[in-house]
Amino acid sequence: MVTFLIVMFVLLMLFLFKYIDDLIGKGFEWYVIVELMMYASATNVQMALPLSVLLSSIMTYGSLGENYELVAIKAAGISLKRAMYPMLVIIMILSVSAFVFSDYMLPIANLKYYNLLYDARQQKSANFLPEGVFSNSFTGYSIRVGKKDADGQTLHNVMIYSKNQTENNTDITLAREGKMYRTPNGQFLVFKLKDGIRYSETPGEVAYNIRERLTRYRFKTTEQKFDISGLKLHHTDESEFKSALQMMNLKQLNDNAKLSHRQIDSAVNVNYTLLTAYFKYYSIPVKKNPRIKILPSDGNEFSKADVHQQMSQLANAASEARSIQDLLKNRAQHLKDLQQNEQKARLEYQKKFTLSAACIALFLIGAPLGAIIRKGGLGLPVVVSVIFFLFYYIISTIGEKYVKDGDLSPIIGSWIAIVIITPIGLFLSYKAATDSVIFDMELYKRFFNKLFKRKKIVKAE
């Protein structure tokens with residue numbers, strides 16, 4: 001639990017560093033930030049859980065080896081494999097829980113997370129009145145504030161342009177000083193201005209041959225309201241995000257993959273149907289296909305025609321070939337998108353199981369590795385666990401990339417990292433059970449010292 005919380009905290013800090021610009025300065029309530037961080041933590045479980053299992057197993061068995069407790073266990077006639085059985089049972093239970101979380105809880109957490117993150121990133125900045133800049137945050141107004149005091153409410157040299165497109169006029173308000181505050185319901189922003197003047201242009205009276213009328217008002221104090229309801233956090237309907245693969249469980253992913261496969265078959269059949277109308281000229285043998293009806297034609301018809309007829313037939317054939325090419329070019333992209341969607345759906349389907357398998361595989365690496373290096377704490381175990389986890393994560397990422405590009409099967413791409421690291425874990429388990437000194441630095445120092453001494457003796461002779 002401790003290592004899981006540490007890893008989760010690190011990943012949460014990475015999330016904040018990544019999206020800090022989208023969250024700061026937008027006037028969010030504290031509970032909105034907490035809610036977003038909670039959903040982000042839930043989505044990070046699939047990365048934090050395997051890493052925490054690896055780190056905690058190395059720390060635990062490394063501490064046992066450092067304190068000679070593993071020696072005492074072996075002296076009592078209990079093998080290392082037998083001592084690992086209880087923890088292996090715990091890891092099995094944890095893996096089943098991880099699968100249940102991945103299938104039931106993770107899709108909901110992803111839906112909430114991406115929905116709230118999208119709304120937060122679309123939210124306008126709360127600093128809608130920067131100093132010395134005309135701001136168009138309010139519809140129909142352009143406001144410039146010369147200077148703001150440290151309290152953020154006292155304004156100096158305020159200039160407000162009010163544009164009314166229906167009446168085709170512009171009102172200008174100038175004030176030396178003012179204060180701004182929000183109404184209790186947070187719907188309006190109120191400007192209380194002092195020592196100012198307002199210019200208003202209105203249409204004149206046709207009867208008196210006055211085209212425009214300029215009115216000037218001087219005021220000691222006045223108030224003006226601006227609607228800021230649009231600056232509040234608007235929640236997007238979650239149904240718009242439910243079609244994403246990360247928001248689906250096993251059944252939904254399987255149905256989505258089958259639907260994409262049926263759409264691919266339908267698109268292929270449509271392509272064959274569209275092409276049958278263009279098969280008229282055959283200068284080379286055509287492979288028979290039961291979906292294409294080959295029209296009978298005389299093979300010597302082209303050779304019997306004169307030069308002008310041959311040129312005309314070649315031009316017609318080239319024109320129809322270009323038509324086929326243009327037709328297939330547009331449909332090929334659609335077919336490629338369907339194939340990628342099927343690949344991604346089957347990949348997400350397999351990833352529901354790889355989270356549980358990764359916990360078991362990384363435990364088989366961490367426990368014997370800790371028994372071999374015999375170091376506890378957060379020093380060497382952290383370095384070793386990060387190296388092995390990066391190795392696993394890089395292989396897994398490369399496999400997923402090849403699957404999404406259509407170059408690898410979803411089963412192979414999602415399980416290749418597990419298949420590679422599991423033999424490493426079994427090898428380390430064997431070495432730990434036989435009291436291997438594979439990580440004993442003194443052994444390597446003695447080996448290289450003997451090697452260099454031999455070289456010196458050979459040179460001397």
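Colleague: Which residues make the nonpolar surface patch of about 730 Å²?

Modeller: In this predicted model, the patch is made by Val 2, Ile 6, Phe 9, Val 10, Leu 14, Phe 17 and Leu 378. One of these residues, Val 10, is found in helix H1, which covers residues 2–23.

Colleague: Is Val 10 buried, partly exposed or exposed, and why?

Modeller: Val 10 has a relative accessible area of 43%, and it is therefore partly exposed, since that class lies between the cut-offs of 20% and 50%.

Colleague: Where does UniProt place the feature "transmembrane region"?

Modeller: The unreviewed UniProt entry places this feature at residues 6–24, 45–64, 84–106, 353–373, 379–399 and 411–430. Over residues 6–24 the model is 95% helix and 0% strand, with the end C-alpha atoms 24 Å apart, and over residues 379–399 the chain is likewise 95% helix and 0% strand, with its end C-alpha atoms 31 Å apart.

Colleague: How many aromatic pairs does a search of the whole structure find, and how is such a pair described?

Modeller: A pair of aromatic rings is described by the distance of the centres and the angle of the planes. The search of the whole structure finds seven aromatic pairs. In one of them, the rings of Phe 99 and Phe 353 have their centres 5.2 Å apart and their planes at 25°, so the pair is stacked, the angle being under 30 degrees. This pair links distant parts of the chain, because Phe 99 lies in helix H5 (residues 80–122) and Phe 353 in helix H8 (residues 307–373), 254 residues apart.

Colleague: What are the relative accessible areas of Phe 99 and Phe 353?

Modeller: Phe 99 has a relative accessible area of 24% and is partly exposed, and Phe 353, with 28%, is also partly exposed.

Colleague: What are the distance and the angle for the aromatic pair of Phe 389 and Tyr 393, and where do these two residues lie?

Modeller: Phe 389 and Tyr 393 form a stacked pair, at 6.2 Å centre to centre and with 20° between the planes. Both residues lie in helix H9 (residues 380–404), where they are four residues apart, about one turn of the helix. Phe 389 counts as buried, at 8% relative accessibility, whereas Tyr 393, at 38%, counts as partly exposed.

Colleague: Which residues do ring pairs link into a cluster?

Modeller: Phe 15, Tyr 113 and Tyr 114 are linked into a cluster by ring pairs.

Terms used. Residues numbered from 1 in each chain as written. Predicted model: local features only at pLDDT ≥ 70, side-chain atom pairs only at ≥ 80, totals over all residues. Heavy atoms only, no water. UniProt positions renumbered as here; feature names shortened; annotations may be inferred. Phe/Tyr/Trp six-rings, centres within 6.5 Å; stacked < 30°, edge-to-face > 60°. Buried < 20%, exposed > 50% of the residue type's maximum accessible area, 1.4 Å probe, protein only. Patch = residues over 30% accessible without salt bridge, like charges linked within 9 Å, V, L, I, M, F, W, Y side chains within 5 Å. Areas by Shrake-Rupley, 256 points an atom, 1.4 Å probe, with all protein chains shown as cover. Salt bridge = Lys/Arg side-chain N within 4 Å of Asp/Glu carboxyl O.
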